[in-house]
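Let's take a walk through this structure together, one kind of interaction at a time. Keep the viewer open as you read.

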Amino acid sequence: IKEKGCKRVVVMCGAGISTSAGIPDFRSPGTGLYDNLQRFNLPSPDSMFDIDYFRCNPAPFYELIKELWPGHFAPTPAHFFLKLLHDNNILLR
């Protein structure tokens, strides 16, 4: 990047780049988001993100989103690297 040898970069990543910041991924047993939705007594874990369920009962979504709201977590080195690529106009996707 410093020597301008890279012109275009595509990054493929998942929720794992945020887990070191304390943001849960979706499916990890014990720590994943889906594994920790029992307290909301949902019909299924997917209900948390189902628009029809939200229209009938938005309270669980709003309670969860307060915990995940920006500002509660610090960016990880992976986030800073993606921003570096973006700021240097070489991040394609």
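Predicted model: local features only at pLDDT ≥ 70, side-chain atom pairs only at ≥ 80, totals over all residues.

**A walk through the model**

Residues are numbered from 1 along each chain as its sequence is written, and side-chain values use heavy atoms, with hydrogens and water left out.

How confident is the predictor? The mean pLDDT of the protein is 90, and 100% of the residues score at least 70; pLDDT is the predictor's confidence in each residue, on a scale from 0 to 100. Confidence is lowest in helix α1 (residues 16-19), with a mean of 88, and highest in helix α2 (residues 51-56), where the mean is 97. These helices are DSSP runs of H or I with at least four residues, while strands are runs of E with at least two, and both are numbered from the N terminus.

Back to E67 and its partner. R39 and E67 form a salt bridge, with 2.9 Å between the closest N and O atoms; the term stands for a side-chain nitrogen of Lys or Arg within 4 Å of a carboxyl oxygen of Asp or Glu. Why does this pair tie together separate parts of the sequence? R39 lies in the loop between α1 and α2 whereas E67 belongs to helix α3 (residues 59-68), so the bridge connects parts that are 28 residues apart in sequence.

D52 is partly exposed at 49% relative accessibility, whereas R55 is exposed, with a relative accessible area of 63%. Another salt bridge brings together the side chains of K83 and D87, at 2.8 Å from N to O. Because K83 and D87 are four residues apart in helix α4 (residues 77-87), about one helical turn separates them. K83 counts as partly exposed at 48% relative accessibility, and D87 does too, at 44%. Salt bridges with shared partners also join R39, E63 and E67 into one network.

Now for the rings. How many aromatic pairs does the structure hold? There are six, counting rings of Phe, Tyr and Trp (its six-membered ring) whose centres lie within 6.5 Å; planes under 30 degrees apart count as stacked, over 60 as edge-to-face and the rest as tilted. Among these pairs is F26 with Y34, an edge-to-face arrangement with 5.4 Å from centre to centre and 65° between the planes. F26 also pairs with F49: their ring centres are 5.9 Å apart and their planes meet at 65°, so this pair is edge-to-face. F26 and F49 are both in the loop between α1 and α2, 23 residues apart, and their pair links distant parts of the chain. Taken together, ring pairs make a cluster of F26, Y34 and F49. Each member is partly exposed: F26 has a relative accessible area of 35%, Y34 has 22%, and F49 has 40%.

What about the cysteines? The count of disulfides comes to zero, a disulfide being a pair of cysteine sulfur atoms within 2.5 Å. For C6, the nearest cysteine sulfur is that of C13, 17 Å away. C6 is partly exposed, with a relative accessible area of 39%, while C56 is exposed, at 71%.

Let's finish at S18. Is S18 buried or exposed? S18 is buried, with a relative accessible area of 14%, and its place is in helix α1. Setting aside neighbours within four places in sequence, S18 is in contact (heavy atoms within 4.5 Å) with I23, T76 and H79.

Note on methods:
Buried < 20%, exposed > 50% of the residue type's maximum accessible area, 1.4 Å probe, protein only.
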